[in-house]
Amino acid sequence: MTGANGFSVSGYGPERAGWTRIFARDSLARRLDWPILLAAVALSLIGSALVFSATRNRTEINQGDPYFFLERHLMNLGIGFALMLATLWLGHRALRNAVPILYGLSVLLALVVLTPLGATINGQRNWLVIGGFSLQPAEFLKVTIILGMAMMLATRVDAGDKPYPDHRTVAQSLGLAAVPCLILLLMPDLGSVLAMVAIILGVLLASGASNRWVFGLLTMGVIGCIAIWQLHILDQYQINRFAAFANPSLDPAGVGYNTNQARIAIGSGGLTGAGLFHGSQTTGQFVPEQQTDFVFTVAGEELGFVGAGFIIFLLGVVLWRACRIARDSTELYGTIVAAGIVAWFAFQAFENIGMTLGIMPVTGLPLPFVSYGGSSMFAVWVAVGLLQSIKVQKPMSA
Amino acid sequence: MTNIPETGRTPRVQIRLVVIQILVLSLLGTLGGRLWYLQIREGAQYQKEASGNHVQQVVDPAVRGDILDARGVPLADNETRLVVSASRTDLLKQKDDGKAVLTKLAGVLGEKPADVIQKVRLCDAKTPKPCWNGSPYQPIPITDEATPKQALQIRERAEDFPGITAEPEAVRRYPAPGNANTAQVLGYLSPVTDAEIQKAKDTDSPYLRSDMVGRSGLEREYDKELRGKAGVTRYEVDNLGRVIGKAKSDSAEPGSNLVTSIDSRVQRVAEYELDKAMKAARQQFDKNTGENFKADSGAVIVMEAKTGRIVAMASAPTYDPNVWVGGISAKDYKALTGKDSDYPLLNRAIQGQAAPGSTFKVVSTAAAVQAGYAWDGGYPCTSSYSVGGQVFKNFEGENFGDISLGRALEVSCDTVFYGLGDNEWKKDGGINPKKGQPKDWFFKTAHQFGLGKETGIDLPNEVTGRVPDRQWKLDYWKANKDAWCKSGKKDGSYVEKIAYENCLEGNKMREGDEINYSIGQGDTLVTPIQEAMIYGAVANGGTEYAPTIGKAVISADGKSVQEIKPKVQRKLPVSQATLKGMDDAFAGVITRGTAAWKFNGWPQDKIPLHGKTGTAEVYGKQTTGWLATYSKDYSVIMTISQAGTGSGSSGEAVRNIYSALYGVQGDGSIDNKKALLPQPQKGLPKVRTDGTIDAPKINGDPAKDAEASQQNNPSNGSDQQPATSPSPTTGNRNTRRRPRRTPGRGSRRMPS
């Protein structure tokens, strides 16, 4: 295991480093995971069109400029793509050394949100507004927690000391993950906490940690839910809000309205949809938060089963390839990182699309690549960079 | 690097990764399945919901068509009023939800700001009235009684009143031309019910919550034609109700105008004469009951004999139809329908029924001829007719010896008809006829004359009257025998005795039943409109027409004219020779018979009149008088309940109606200029190129004019009170509507 050296691509000998040879045989370009890259780019571009459709008429938020959100979305995409390239250039191993710093930074950002510097948007205090840009530290936490846990769990295994992480290591890594989870709970950002739990589970599974940890964690989660339910920690309206995805009449003015309108939008799309920019639900702005959390409803209504199904297919491509990368990684570190990303993307995709389809409760989680939002866009593209980095350093002989 | 131990690929991890991969794919599969379910399987349902979501309908009410008389004079039209309305959608766009504008508006209208603000809030379970119950996209009326000055203030400073409009709007009005009220014939409108809204929701003519629907009379019968088609503008709106586009819209089609055969002048004369006759009757002493006649209700019909078209139809007591306009008050409603009211909403010309008395003899005579009795045979007209100890007397005990059927009809000899009826009863097998044996000529003929069923007049809720034949007796007995058998006593009071007898053999046609029936007494019931139809048929040579009031439906632009043709119902079962005989007999009634004392000096040679009087006995009440008459062109039927004989109560009134129709002066001369309608109105009123209808003006009161020309009438004042009773106020003068008229759309309006 070697440290990163400057801007060479990790895992390659110095003789192969550099962009001049990227198209050579066995070059970086040949070894990149193109399906993931193309699917991610396609999802982002489809997302741009959907965001544009959802926002071009929303004069109350686009400041009179129909392209306001489109421009920012594309800019975010550009930054995200650059971050992906940077991550790939640095390599996940190089980043491994920076993990403590990145972890510390992201936790610090999340803590700042809890101070008066944080902004409350849509009832959740999970925003940080800096110079006209708003950041969601929760998105970065997802990346750093994967990297952090992976580092802790994989170090001794990759060193060949042990086949699996021992209990002490697992406990330490869980402690590492618990801190940001607590911060997220204080915001409160329940959706992100759930995503964190999914990520932690994915990471633990991939690390080879004892089944006891996995089942213990699951049992704790179930007991926690029952406790919240039985001890009436939540008010009835909160429970109603949570359950409204199944029965919108429980919270007709709040989340129930969203789910109802979302379902109408998607249902009315039919096979081929109303056509981009022609959805009446979208044009009439019946679905709140349509450019962010409910962006899938635009696809459902305007692109129909064909278009919305294609989005699910593209997500499937990303997840399938990411799983392959996790399985094919030569070291546990890469496996854990890839599996964590799989858990993260899969949970958010299922939760986000599921809530618009009325099979999951409504939480504020963006749809990876598609939803409008800088922090999420940056984080998912960094994740793509990590996946590519893991892929490209696979030995040729493998 | 090629020999890096495969630490990332330990079996445990490898298996778990496969599990994760499978889990992830199944989750995505779940999403795909759910997507398919929503979009493909349930797609149509959601598409419907989506379109309901974003399309709002604004209904533009159609102007209701006018009801016109035969010359085009409006009996029901629309008054233009200035309605100030507020558009919620526009108000909500303002910063304070329009509060400032509404407050300013309240100032202009002289109302309290709070009242105005309350009117535009939407109704829900918690909101007390006033509140707006209709669509939030519909302009909400603040007042329909704005003055032109107020409207001008609002319209000239439109920028100060965003979302507020002041527009003239049409409101129903019954102008009563020449004081012709015509209340029961016109009917009335009342607000549409929720059930009706639901029913019409998906049709091409949906109701507005503020819509009015015809509830009786012509307004109901021709509701569909008069209503027109409301225009619907469909707006695409966003989630805040802001209009983002216009979808398919249908413009309003104003309702068609209904031209009736009513002549408002004749109608006025008929109403006036009916009222006068009833008032006069109340001054008369009734020897039988020892008190003055009550004359509690009555009806008069003037019908074109050759077509069945109704020229005038009046029912008393009456009311002012304008009380319904703009919503009837609880007090007014109670006065019209309460237990203590005299039910002025009833149109007694079609909904009142009574025993026809001697006017029924036209049926009995025809029945006798059908049964084979010779017209000129000698039938004993004795002063009484005895059957098994029961004595049936002639009306006034007169005795004419053996007479013909025609003479019997003319002098209304009851005993002749008793004999005929009794004879037929015996021929039919008496009290216990064999099955299939009874020919029942008297009952069969009544049915052939159209009695016992609706005439088919174009008015709702006509009653059938009753022919008390064997079937009816059986049905009636079955329905009542329990009560009869319980209360009947053999030696009890009159009522108890009757009940006792009915219990025993009420299911059978008894001798007395048929004898009573032969002169139109007993259980027989007819309506005035049935009499008008029958006597009209006698006048026109034997054809019964379904009476009609509607003459044509003319579209609002005048381009489509749909005539309502007279409809032949049936032919009377009477030969021309018999009709001729009847005609002569009925002329005799006027010249020398029971009605002659009311028709002294009538120019019978120029305008031959025919008639039959009738007096129906009603147990426990004073007698109901009938006077059925006809000329060459018209049949005029009048009946007054509890007012004595037909000729006594109605003779003068009927004569005055004929005088007005033909211009007969008090001295018997004919002044064609004063004749209101010497011949039935043939054509339809002229429709101008713009769709408005050319209508003559009616100055003054036709009834008063007609009355003035009767000063020298030898009959007037000969028996009853002279016609100096105060003028009845049946016109719609004291309407609760303000008399203010504003210029506007009402181009067809008549000065009244």
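# Exercises on a predicted two-chain model

Buried residues make up 53% of the 398 residues in chain A; a residue is buried if 20 or more other C-beta atoms, placed from the backbone, lie within 10 Å of its own, exposed if 12 or fewer, and partly exposed in between. The model is predicted, with local features needing pLDDT of at least 70 and side-chain atom pairs counting only at pLDDT 80 or more, while totals for chains, interfaces and linings use all residues. Residues are numbered from 1 along each chain as its sequence is written, and chains are lettered from A and ligands numbered from 1 in the order in which they are written.

**Exercise 1.** Describe the side of chain A that touches chain B.

*Solution.* Step one is the count: 50 residues of chain A are in contact with 41 residues of chain B, where contact means C-beta atoms, placed from the backbone, within 7 Å. Step two is the origin of these residues. Helices 6, 8, 11, 12, 13 and 14 of chain A each give two or more residues to this side, and helix 13 of chain A gives the largest share, 12 residues. Helices (H or I, at least four residues) and strands (E, at least two) are DSSP runs, numbered from the N terminus. Step three is the class: this side of chain A has 24 nonpolar, 22 polar and four charged residues. Ala, Val, Leu, Ile, Met, Phe, Trp, Tyr, Cys and Pro count as nonpolar, Asp, Glu, Lys and Arg as charged, and the others, Gly among them, as polar.

**Exercise 2.** Work out why helix 14 of chain A and helix 1 of chain B count as roughly parallel.

*Solution.* Helix 14 (residues 332-356) of chain A and helix 1 (residues 11-41) of chain B pack at an angle of about 20°, with their axes 10 Å apart. Axes are lines fitted to C-alpha atoms, for helices over the stretch in contact, and angles run from 0 to 180 degrees between N-to-C directions. Angles under 35 degrees count as roughly parallel, over 145 as roughly antiparallel, 65 to 115 as roughly perpendicular and the rest as oblique. The two helices are therefore roughly parallel. Next, list the contact: among the residues making it are Val342(A), Ala346(A) and Phe350(A) from helix 14 of chain A and Leu17(B), Ile20(B) and Val24(B) from helix 1 of chain B. By class, this helix contact has 11 nonpolar, two polar and no charged residues.

How values were computed
Contact = placed C-beta atoms within 7 Å.
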